[in-house]
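Subject: Structure for you to look at

Hello,

Here is the structure I promised to pass on. Please open it alongside this message, and my notes on pockets and helix contacts follow below.

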Amino acid sequence: MAKFVFTCLVICFCLSCKTKKNTPSVSQSERIIYVNNEPYFIKGICYHPVPKGSTQRNFDTLTQDLELMLEAGINTIRVYAPIDDKAVLDEIDASGIKLIIGFGYDQGGVFDIKSGSFIDYVNTYKNHPSILMWELGNEYNYHPEWFEGDMNIWYQALNNAAERIHQNDQNHLVTTAHGELPDKQVLASCPNIDVWGMNVYRWDKPGTIFPQWKAISSKPMYLSEAGGDSYMTISDYGFEKGVNEKAQAAANANILDEIFQNKDVCSGVAMFSFTDGWWKAGNPDQQDIGGWAPNSSGVPYDGSPNEEFWGIVDIDRNKKETFSVIKAKYTQLKE
């Protein structure tokens, strides 16, 4: 019996060591993110795969999607909700792509910040090698109505949640996706955030945000959302009204050029988004024009987000013109 117990302890110890050994150490120093002490630049994509006729995310197309992402040079996937499926995480890890896992504030108690259940997910998956960062919230600063009109409620919850993650996981960084540039008061209220993500839509010229960030913080930042859609609500800037993949491709090329020219300040980008989302603006069985997003007047080149036209591939995974732009920019970038 004693020999059996000893053997079990040895096996458990070895498995634990193996898990910890495979867990990447993600850290930051000044403005740079490091994975296993090597600088890491996020060549990312926002990913929320919802099939035709549905409003719910599923990963039935994951294998095909990962092949396309790898072809495009993508090294990081940003998801808006936790993936509670080890097989999915394992397949993403096997592809060599890292994950930024997002947590919502109030998701009915399912891995959310309000209930505190997000930490259960962190503790379950913190040793999974696919994880790059934990991300808390997505541009909540545009929604004071969710916090009784007092954004301090959110910023306190954000800072406390980041602290709790640090107490439970020393191998990963904590980020948040803020709508646009946070001000000094927001930064001061959230010292536990390691990396500031920012959803930035400044036409096709996001570069103005980098000196602004440099002036107020020495922490790393990345663009948690940026890009353009492939539908023009009006004819303008030389692009015709209607479905217009050339407008999207041109916008994304200019956006990525400005990001890559500012690598001394910016740690990368998660382009929005991988696939068109037919569930966002109307009937999920068809692709609808329209939709609305906060602060969307900066969307190139018509100031209208057209929520169902943002993919670098369409819903059937056909490559749009911008796919070749993303591929060229990401694969040619020297880290």
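Which element gives the largest share of the lining of the largest pocket? That is E7, with 3 residues. Before I go further, please keep in mind that this is a predicted model.

**The pockets**

The largest pocket has a volume of about 1,100 Å³. Its lining is made up of 48 residues, and those nearest the centre are Tyr80, Asn138, Glu139, Glu225 and Lys280. Two strands, E6 (98-103) and E7 (131-138), are the elements that give two or more residues to this lining. Sorted by class, the lining of the largest pocket holds 25 nonpolar, 13 polar and 10 charged residues.

The second largest pocket holds about 150 Å³ of space. It is lined by 10 residues, and Ile32, Pro39, Tyr40, Phe41 and Lys263 are the closest to its centre. Strand E2 (32-35) and strand E13 (266-271) each contribute at least two residues to the lining of this second pocket. The classes here come to 6 nonpolar, 1 polar and 3 charged residues.

**The helix pairs**

I also looked at two helix contacts. In the first, helix H2 (residues 62-71) meets helix H3 (residues 86-95): their axes come within 11 Å and cross at roughly 25°. Angles under 35 degrees count as roughly parallel, and H2 and H3 are therefore roughly parallel to each other. Their crossing is right-handed. On the H2 side, the contact uses Leu62, Thr63, Leu66 and Leu70, while H3 brings Val88, Glu91, Ile92 and Ser95. The residues of this contact divide into 5 nonpolar, 2 polar and 1 charged.

The second pair is helix H4 (residues 118-125) with helix H5 (residues 151-168), whose axes come within 10 Å and cross at roughly 25°. H4 and H5 are therefore also roughly parallel to each other, and the crossing of H4 and H5 is right-handed. Phe118, Ile119, Val122 and Asn123 of H4 make the contact with Ala161, Arg164, Ile165 and Asn168 of H5. By class, the contact of H4 with H5 has 5 nonpolar, 2 polar and 1 charged residues.

I hope you enjoy looking through it.

Best wishes

Conventions
Residues numbered from 1 in each chain as written. Predicted model: local features only at pLDDT ≥ 70, side-chain atom pairs only at ≥ 80, totals over all residues. Heavy atoms only, no water. Axes fitted to C-alpha atoms, helices over the stretch in contact; angles between N-to-C directions. Helix = DSSP H or I, 4+ residues; strand = E, 2+ residues; numbered from the N terminus. Parallel < 35°, antiparallel > 145°, perpendicular 65-115°, else oblique. Left-handed = near helix turned anticlockwise from the far one by under 90°. Contact = heavy atoms within 4.5 Å. Nonpolar A, V, L, I, M, F, W, Y, C, P; charged D, E, K, R; others polar. 1 Å grid on protein atoms, 1.4 Å probe; cavity = no way out; pocket = protein on both sides within 12 Å on 5 of 7 lines; lining within 4 Å. Points joined across faces, edges and corners; volume = space filled by probe spheres on them.
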